[in-house]
Amino acid sequence: MRVFYIYNINDFFYEVYNKYPYKLYKMLEDTYYTNRHDMMLSNNYYEAITNNFNKLFINNFLNMNHNLDVYYNNKANIHSISNYQEYSKLMVNSYCLKLKSSINYPSFFETLRKFNHQLFVCDFENQDYFWLENVRKKEEELVKE
């Protein structure tokens, strides 16, 4: 099971770190692994990098995009897809989205790509990170070849 943290990166950090995702990942990793003693400094650092999510808006967006999917379920701020290919659970918070999935490219990624092009995805346990907009582009390029 993979756990992805999805961040809404603000305009400044997107422009500066779009071509340097490793540096952005390391900054977010520092905030993820911070201890309680450094929590205030870490929160300030985090707030400088990201924009908050509008929970009401993103919940409605997800509902509208998946309402015809028979494998989709929603309860409050938790969205899930459960079928033979995948089990994915997306938890909506103001500061980030947390996505647990049985596969590497969950269905919610495709929906979130439509939501915002400045979403940065981190899997801290596997030290994996990427701009969500770039993952699909690579798949599309492979299909064209």
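Student: How many residues apart in helix α2 are E29 and K26, and what does that mean in helical turns?
Tutor: E29 and K26 are three residues apart in helix α2 (residues 21-32), so about one helical turn separates them. Helices here are DSSP runs of H or I with at least four residues, strands are runs of E with at least two, and both are numbered from the N terminus.

Student: Before we go on, what kind of model is this?
Tutor: This is a predicted model, in which local features need pLDDT of at least 70 and side-chain atom pairs count only at pLDDT 80 or more, while totals for chains, interfaces and linings use all residues. Residues are numbered from 1 along each chain as its sequence is written, and side-chain values use heavy atoms, with hydrogens and water left out.

Student: Back to the pair. What joins the side chains of E29 and K26?
Tutor: A salt bridge, at 2.6 Å from N to O. The term stands for a side-chain nitrogen of Lys or Arg within 4 Å of a carboxyl oxygen of Asp or Glu.

Student: Is E29 buried or exposed?
Tutor: E29 has a relative accessible area of 10%, so it is buried. K26 is at 31%, which makes it partly exposed. The cut-offs are under 20% relative accessible area for buried, over 50% for exposed and in between for partly exposed (1.4 Å probe, protein chains only).

Student: How many salt bridges are there in the whole structure?
Tutor: A search of the whole structure finds four. One of them joins R2 and D128, whose closest N and O atoms are 2.8 Å apart. That pair links distant parts of the chain, since R2 is in strand β1 (residues 2-9) and D128 in strand β8, 126 residues apart.

Student: How covered are those two?
Tutor: R2 is buried, because its relative accessible area is 15%. D128 is partly exposed, at 26%.

Student: Which residues are linked with R2 in a network of salt bridges?
Tutor: D123 and D128 are linked with R2 in that network.

Student: And what about R113 and E110, what do their side chains do?
Tutor: They meet in a salt bridge of 2.9 Å, N to O. R113 and E110 are three residues apart in helix α5, so about one helical turn lies between them. R113 is partly exposed at 24% relative accessible area, and E110 is partly exposed at 25%.

Student: Staying with helix α5, which of its residues are buried?
Tutor: In helix α5 (residues 107-115), the buried ones are F108, F109, T111 and L112. They lie on the same side of α5, because they cover an arc of only 165 degrees around the axis. The arc is taken from the directions that run from the helix axis to the C-beta atoms.

Student: What does T111 touch?
Tutor: Leaving out residues up to four places away in sequence, T111 touches F61, L62, N65 and H66. A contact means heavy atoms within 4.5 Å. The side chains of T111 and H66 are also joined by a polar contact of 2.6 Å. That term covers a pair of N or O atoms within 3.5 Å; within protein, one must be able to donate a hydrogen and the other to accept it, and residues adjacent in sequence count only if both atoms are side-chain atoms. T111 counts as buried because its relative accessibility is 4%.

Student: New topic. Which residues have a positive phi without being glycine?
Tutor: A76 has one, at about 55 degrees, and Q127 has one at about 50 degrees. A76 lies in the loop between β3 (72-75) and β4, and Q127 in the loop between β7 (119-123) and β8 (128-131). A76 counts as exposed because its relative accessibility is 60%; Q127 counts as exposed at 57%.

Student: Where is Y84 found?
Tutor: Y84 is in the loop between β4 (78-82) and β5 (87-92). Its relative accessibility is 79%, so it counts as exposed.

Student: Last one: how many helices and strands are in the protein?
Tutor: Six helices and eight strands. Along the sequence the pattern reads β-α-α-α-β-α-β-β-β-β-α-β-β-α. The protein has 145 residues, and 40% of them count as buried.
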